[in-house]
Amino acid sequence: MERLVKLLKNKNMTIASCESLNGGLFASKLVEISGASSVFVGSYVTYMDKCKDILLNGQEILTKYGAISEQMAILMAKEVKEKFASYKFSLRVFYTIIIAY
């Protein structure tokens, strides 16, 4: 994470995230780094399905594909871009887990 913060600072870039099953671990680890506030815009932690519906307007995807799906991951990426657009961030990170057996 220190390397990420340093890289973002050196390139004058910022980052935002939308997280699910990791419960905000990415954001938590990032803000432990001194200087992260100059590069980290913010994060949505959409752990519960209800939160995905309210914050991401994701009810249709939840119903059709489920919370842990490629479609939800794409929605998370799109929504974090839209929600934090006024901050003109450079990168977005979204986390969900897809397990195939």
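Which residues of β1 are buried on one side, and which on the other? In this predicted model, where local features need pLDDT of at least 70, side-chain atom pairs count only at pLDDT 80 or more, and totals for chains, interfaces and linings use all residues, Ile15, Ser17 and Glu19 are buried on one side of β1 and Ala16 and Cys18 on the other, so that both faces are covered. Residues are numbered from 1 along each chain as its sequence is written, and side-chain values use heavy atoms, with hydrogens and water left out.

**Overall architecture**

- The protein has five helices and three strands, where helices (H or I, at least four residues) and strands (E, at least two) are DSSP runs numbered from the N terminus.
- Read from the N terminus on, the elements follow the order α-β-α-β-α-α-α-β.
- Of the 101 residues in the protein, 39% are buried; buried means under 20% relative accessible area, exposed means over 50%, and partly exposed lies in between, with a 1.4 Å probe and protein chains only.

- Strand β1 (residues 15-19) is largely enclosed by the rest of the structure, because five of its five residues are buried.
- In a regular strand the side chains alternate between the two faces of the sheet.
- β1 and β2 pair in the parallel sense over five bridges, the requirement for pairing being that DSSP finds at least two bridges between two strands.
- Within this pairing, Ala16 stands opposite Gly42 in β2.
- Together with helix α2 (residues 25-31), β1 and β2 make a right-handed β-α-β unit; a crossover is right-handed if, with the strands pointing away from the viewer, the path from the first strand over the helix to the second runs clockwise.

- Helix α5 (residues 70-83) has 14 residues and reaches 20 Å from its first C-alpha to its last, close to the 20 Å expected at 1.5 Å a residue, where the expected span is 1.5 Å times one less than the number of residues.
- The buried residues of α5 include Met72, Ala73, Leu75, Met76, Ala77, Glu79 and Val80.
- The side chains of Lys83 and Glu79 meet in a salt bridge at 3.2 Å, N to O, a salt bridge being a side-chain nitrogen of Lys or Arg within 4 Å of a carboxyl oxygen of Asp or Glu; by this rule the count comes to one.
- Lys83 and Glu79 both lie in α5, four residues apart, which is about one turn of the helix.
- Lys83 counts as partly exposed because its relative accessibility is 36%, whereas Glu79, at 11% relative accessibility, counts as buried.

**Nonpolar surface patch**

- Leu21, Val45, Tyr47, Met48 and Ile68 form a nonpolar patch on the surface, with about 490 Å² of accessible area together.
- Patches are made of residues with over 30% relative accessible area and no salt bridge, with like charges joined within 9 Å and nonpolar side chains (Val, Leu, Ile, Met, Phe, Trp, Tyr) within 5 Å; accessible areas come from the Shrake-Rupley method with a 1.4 Å probe, and for residues only the protein chains shown count as cover.
- Tyr47 is found in the loop between β2 (40-45) and α3 (49-56), and Tyr47 counts as exposed because its relative accessibility is 52%.

**Loop residues with positive phi**

- Asn12, in the loop between α1 (2-10) and β1, has a phi near 55°, a positive value in a residue other than glycine, and is exposed with a relative accessible area of 72%.
- Asn57, in the loop between α3 and α4 (59-64), also has a positive phi, near 55°, and counts as exposed at 63% relative accessibility.
- Most residues other than glycine have a negative phi.
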